[in-house]
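Please look over the sequence and the model below before reading on. The paragraphs after it go through selected features of the fold.

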Amino acid sequence: MIESTSAPSESEDRPELPARPDRRLFHGGLALLAFTLGYYAFNANTSSTTELYLGLTIIVLAALPTLQWAKRATYEFPVFEVFMLTGINIYALPLLNGQIELQAYSESVITQAGSAVLLFQIIAIITHGITRGRPRVTPFWAEEVISRDIGIYLGYGLVLTTIYTGINNLTDLIPTDIEGPLRAVFYGIGIISTFVQGRRWGRGDLSNQEKIFFAVNVGLQVVFGFVTLFLISGISLIVLALLGYVSGNKRLPVMALAIVLPVIAVLHNGKSAMRDKYWKDNTPVVPSLVEMPAFFAEWFQQGMEYHPKNGMTGKLIERTSLFQMICLVVDNTPDRLPFLNGETYAQIPGQFVPRFFWSDKPLGHISTYTLSIYYGLQRPEDTKKTTIAFGLLAEAYANFGLYGVGLLGVLFAFCFKKYGLWAQQSPMFSYAGLLLVLLMAWSFQTEFTLSIWLSSLAQASIAVLGVPFILRHFLG
């Protein structure tokens, strides 16, 4: 049985919310799972019953940890649960919807790829369930570093992140040599502010004025992210705010989802047409503030008028799918190409060396580029313009086959569970609590390779933990 943990306490001087007698999120999740399984049992676009059963089983195992979290009366952060839940859209739905890229692979390859996903899920769930630990009580874990007027600090963080996002995406004012450090600082601050304010909203701790302030800032950041015609940054921000709300309330904001999801689907549908018009040499031509209303009106019109073969839902599934990458790796390794035997993992330590000390340091996506070139998807010169997402699971198989897949499940499940247990009694605004929020944000970044996943998390951690350290120890 999976051991439950209690949530890190917020800085307000009141205890955690008591366990609610109703479990509406759990019951709603069960109903949604049953509907999804029933729908695909009769409407799946698969070539065999084996593929059908694989897809349905992946959905069940992906949803199981989240359902267990929803059923519990505690309010811990669902880090591992969200990490596993991403398996539905990146593995199961592409398989069950007959993603066009999968037509290039035989049934045996698809079955082997699906079996690799199942192996990862089963090992991860078992590892998470048997991992034990005790709360830590040292100052890092138990001492708040931001304890007064937290709403003011978070408000400042939201405003600063909104200003930075606008300047970074709409202008060329930020010099290239400091763009990376500034992005790490403001992205880290934005993650903390967005998640915590979303959680406080879910717990009923925000006034109406604070809710409006929060919604406006998040909305502006999403819009400033979308103007580049890349949707992923804005969608990630929405997901983070949603996770904060649900972790504090254990209910889905149905009305907000009913508005946001169709809008994103329409924009995604019209994205290709807009890129054809507003991109030059794979570089976006960003509109000015004055031009933005007309820009988004045109984009929305394109999304409503342009109807690709697979429809809007199919395009969204294709965008987030990583199942075809596992099929690619399984089809070629080790019959045509030998296992990499840890080559991309050996690139991880170099990412932690500051570029100041290593001027020729490889780019952050070096592992992704290595895989793309190795499997013939790109030439070396192509990587300067385009990055192809491989994901953690495909990378693990490319290096060590099924052994790598199993070890990856053990690694993430153990680390997520262990850290959650250590931070069981940590205030949210302790160093340990802030780091837990970052892990929450990174739990759904499954399109990364392990190198960029770890290095980007480290950069954000330095920024998020460094700011309160400086404020506390040097600025009083």
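The model is predicted, so local features need pLDDT of at least 70 and side-chain atom pairs count only at pLDDT 80 or more, while totals for chains, interfaces and linings use all residues. Residues are numbered from 1 along each chain as its sequence is written, and side-chain values use heavy atoms, with hydrogens and water left out.

The interior comes first. A nonpolar core is a set of buried Ala, Val, Leu, Ile, Met, Phe, Trp, Tyr and Cys residues joined through side-chain atoms within 4.5 Å. Buried means under 20% relative accessible area, exposed over 50%, and partly exposed in between (1.4 Å probe, protein chains only). The largest nonpolar core has 98 residues, of which Tyr91, Phe323 and Trp442 touch the most other members. Setting aside neighbours within four places in sequence, Tyr91 is in contact (heavy atoms within 4.5 Å) with Ile58, Val117, Leu322, Phe323, Ile326 and Leu393. Another core lies apart from the largest one and has 19 residues, including Leu229, Ala241, Met274 and Phe295.

Tyr91 is also one of the buried residues of α4. Helices are DSSP runs (H or I, at least four residues), as are strands (E, at least two), and both are numbered from the N terminus. Helix α4 spans residues 87-96 and is mostly covered, with 9 of its 10 residues buried. After α4 comes Gly98, with a positive phi near 65°.

Ala241, from the 19-residue core, is one of the buried residues of α10, as are Leu237, Leu240 and Leu243. Helix α10 runs over residues 232-249 and its 18 residues reach 25 Å from first C-alpha to last, close to the 26 Å expected. The expected span is 1.5 Å times one less than the number of residues.

Next, the aromatic rings. Rings of Phe, Tyr and Trp (its six-membered ring) pair if their centres lie within 6.5 Å; planes under 30 degrees apart count as stacked, over 60 as edge-to-face and the rest as tilted. This rule gives 26 aromatic pairs. Phe83 and Phe412 are stacked, because their ring centres are 4.9 Å apart and their planes are at 10°. That pair links distant parts of the chain: Phe83 lies in helix α3 (residues 79-85) and Phe412 in helix α17 (residues 402-422), 329 residues apart. Both Phe83 and Phe412 are buried. Phe295 and Trp299 form an edge-to-face pair, because their centres are 6.0 Å apart and their planes are at 70°. Both lie in helix α12 (residues 292-305), 4 residues apart, about one turn of the helix. Ring pairs also join Phe83, Phe120, Phe412, Phe416 and Trp453 into a cluster.

Which rings have a charge over them? The test requires NZ of Lys or CZ of Arg within 6 Å of the ring centre and within 35 degrees of the ring normal. The charged end of Arg136 sits over the ring of Trp422, 4.2 Å from its centre, and Arg275 lies over the face of Phe230, at 5.0 Å from the ring centre.

Finally, the cysteines. A search of the whole structure finds 0 disulfides, taken as pairs of cysteine sulfur atoms within 2.5 Å. Cys327 counts as buried because its relative accessibility is 0%, whereas Cys415 is partly exposed at 39%.
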